[in-house]
Amino acid sequence: MSLISIRKEVLDKAVNLHGHLGPFLVLGLRMGLKAMRIIGNPTSCEVFTVMKKPYICAVDGLKAIIGDNITLYEGEGLLVRFYNGKDSIVISVKKNILEKYAKTSLEKCEEDARLIMRSSDEELFELLKTN
Ligand SMILES: [Zn+2]
C-alpha cells in the first residue's frame, strides 16, 4: 500500500485528462492534494516551471484537483502557489526528485509514476507557508 493513497477516481481522472500516466502527472496530483490538506480547497494556483515535458505534465495533475484556474509562468524547477481566496501556500518539488524523474524514459514512465505515489511528502516537497 502507498503511504499516501491517491483515490483511484482521482488518478483515473488525471490520466484521462492527460493521456498517459507519468511521474510529473503524479507530482502535480500530489501537490494539489497536499495543498488541500493544508489550506482546504484551493481554487486557483500559479505554476512556475519549465515550459516543456515532462515538467508541464504536472499541470494536468493539478487540473484534476483544482480545475482550470491555473496560471503558468516560466520557471526553473516546479513550484506552485495555491490560493483558496484567503490563504496561500507554496509547495515546491525537491531538486533531486526533479533531476531524477525528468530523465524518465517512456518505458519507465508508469513505473516511476508509481514510485512517486509511494514516496512521502517529506521526500518530495518543500513547503513555504504564506498568507
Ligand atoms: Zn505527460
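The model is predicted, so to speak of local features a pLDDT of at least 70 is needed, side-chain atom pairs count only at pLDDT 80 or more, and totals for chains, interfaces and linings use all residues. Residues are numbered from 1 along each chain as its sequence is written.

Let's start with the whole chain. You'll find six helices and five strands, running α-α-β-α-β-β-β-α-α-α-β from the N terminus. Helices (H or I, at least four residues) and strands (E, at least two) are DSSP runs, numbered from the N terminus. The C-alpha trace spans about 40 × 30 × 25 Å along its principal axes. Of the 131 residues, 34% count as buried, meaning 20 or more other C-beta atoms, placed from the backbone, lie within 10 Å of a residue's own.

Now for the helix pair. The axes of α1 and α3 come within 9 Å and cross at roughly 135°. Axes are lines fitted to C-alpha atoms over the stretch in contact, with angles from 0 to 180 degrees between N-to-C directions.

| Helix | Range | Contact residues |
|---|---|---|
| α1 | residues 8–18 | V10, K13, A14, L17, H18 |
| α3 | residues 57–66 | C57, D60, G61, K63, A64 |

Terms used. Contact = placed C-beta atoms within 7 Å. Buried ≥ 20, exposed ≤ 12 C-beta atoms within 10 Å, placed from the backbone.
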